[in-house]
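The structure is shown first.

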Amino acid sequence: MSMTGKELTKLVTRLEAGEPLPAEFYARTGNARILGITGPPGVGKSSLIDRLIDELRRQGKTVGVIAVDPTSPISGGALLGDRLRMQRHSEDDGVFIRSLATRHHHGGLTDATPQIIHALDAAGFDIVIVETVGTGQDEVEVAEVADTVAVILMPELGDEIQRAKSGLMEIADILVINKADLMNAGTARREARPPNDGQKWERPTLHTSAKSGEGITILWGAIEAHQAYLVSSCELARRRERAARAEVIRLLQSRMSASILQSLEAPRAQNILTDVAQRKLDPYDAVERLSREVFGS
Amino acid sequence: MKRPIKVLIAKAGLDGHERGALVVAMGLRDAGMEVVYTGIRNTPEQIVQAAIQEDVNAIGLSSLSGGHMAQFTRVMELLKKENVKGVLVFAGGIIPDEDARKLKKLGIQEVFGPGSSIASIAEFLKKRVRPR
């Protein structure tokens, strides 16, 4: 690895604080495979990753993990409990795990997740696993950063209408029914099978038990099959271009948003906002006036 | 945005008494901190590597089983060996006064015994964690 664990951890901290990724690091990215693990809270995402790390280490691959948990909307604090499930890998030099709090970012990841993925990639990890917060139906940002997305579910989560809905189910390259030890796995397979929509990649539905370790080798086999498909179909290049564009747009949005908020501090802008609050001006006229008078466009 | 204080809460060795550590972890979360909770049966090596990878400001070690001297001493040795600087270490649990004095000599900054309030632990961290 081209940098020490301590250099990497300090770099990640700076990225998390909003500092830019040094250009020489970006030049060294693009080699790691990025695996997104997402799904509702409590389905066993972290425990499955713990098992996947075993599998990958057996193959001699190094693994970086980014594990996101939610920030409290009340206190601003967070209980980061994903690492607990993978803690036994802490002593392994070939594994680097970093827990991140969302800090009010919506979408399932954190502001700096794309840059932190670059840092782990540049540090030389073969596989970077990104675990999202426990998601609902609409937190699909992981699809913007990952090459392969595995959506983890568990038995009894809902009927076929639930799986027909847009959002989370649509971004899955692989569907995993974890906790298959809990029930009749045949039923789980039928409930979770996605509609056949003529995609070239036939999205598999797999059964795993992070508890017993069953199905993990098959899951890794499906991830590798998907990665081979990404390369042979040129889909990898398309996904990575999409990811690069999304990253630049997000960085730009965040800079412009900061600049807008700063400009709104001006007394003239504050007066316009007050007029809206007092119902003297409607929000659309306020935007027109702010654009003209404060932002000059 | 100001970076919240990041704390690792862990139990070392063969000690399954988790409730106290979990209550402290949740209390510090409610005090606005980011708490990495790694649960029971951590080795000192795992605790120190987790502290490095997570880049925490502080480590809280809990013990209720009597293994605190051996386990916590090893954590302090490893932190020194790994040249980890600026990380505040505190402890809690059933720790006799005499042992608490020895632990403080090893560099553990405070020992919170039974009856300590969450507020006092949060206050201690807010006062003592080095801004960076």
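## Strand pairing in chain B

In chain B, strand β1 (residues 6-11) and strand β2 (residues 34-37) run parallel and are joined by four bridges. K6(B) lies opposite E34(B) in β2(B). Strands count as paired if DSSP finds at least two bridges between them; helices (H or I, at least four residues) and strands (E, at least two) are DSSP runs, numbered from the N terminus.

This is a predicted model, in which local features need pLDDT of at least 70, side-chain atom pairs count only at pLDDT 80 or more, and totals for chains, interfaces and linings use all residues. Residues are numbered from 1 along each chain as its sequence is written, while chains are lettered from A and ligands numbered from 1 in the order in which they are written.

## A sheet with strands of both chains

β1(B) and β2(B) belong to an open sheet of six strands with parallel pairing, in the order β3(A)-β2(B)-β1(B)-β3(B)-β4(B)-β5(B). At the edges stand β3 (78-80) of chain A and β5 (110-112) of chain B; each has a single partner strand, so one side of each is left without a neighbour in the sheet. From one strand to the next the twist averages 25°.

The pairing of β3(A) with β2(B) is parallel and has three bridges. L80(A) is opposite V36(B) in β2(B).

## Contact between the chains

Chain A and chain B each put 25 residues into their contact, where two residues are in contact if their C-beta atoms, placed from the backbone, lie within 7 Å. On the side of chain A that touches chain B, α1 (5-16), β3, α4 (83-86) and β4 (95-101) each supply at least two residues. The most come from α1(A), with six residues.

That side of chain A has nine nonpolar, eleven polar and five charged residues. Here Ala, Val, Leu, Ile, Met, Phe, Trp, Tyr, Cys and Pro count as nonpolar, Asp, Glu, Lys and Arg as charged, and the others, Gly among them, as polar.

## Helix pairs in chain B

Helix α2 (residues 44-54) and helix α3 (residues 68-81) of chain B pack at an angle of about 45°, and their axes are 9 Å apart. Axes are lines fitted to C-alpha atoms, for helices over the stretch in contact, and angles run from 0 to 180 degrees between N-to-C directions. α2(B) and α3(B) are therefore oblique to each other (under 35 degrees is roughly parallel, over 145 roughly antiparallel, 65 to 115 roughly perpendicular, and the rest oblique). P44(B), E45(B), I47(B) and V48(B) of α2(B) make the contact with Q71(B), R74(B), V75(B), L78(B) and L79(B) of α3(B). By class, the contact residues of this pair are six nonpolar, one polar and two charged.

Helix α1 (residues 19-30) and helix α5 (residues 118-128) of chain B cross at roughly 60°, their axes coming within 10 Å. V24(B), G27(B) and L28(B) in α1(B) meet I118(B), I121(B) and A122(B) in α5(B). Five of these contact residues are nonpolar, one is polar and none is charged.

## The sheet of chain A

Chain A has an open sheet of seven strands with parallel pairing, ordered β4-β2-β5-β1-β6-β7-β8. β4 and β8 (205-207) of chain A are the edge strands, each with a single partner strand, so one side of each is left without a neighbour in the sheet. The twist averages 20° from one strand to the next.

Strand β2 (residues 63-69) of chain A runs parallel to β4(A), to which seven bridges join it. D69(A) has A101(A) as its bridge partner in β4(A).
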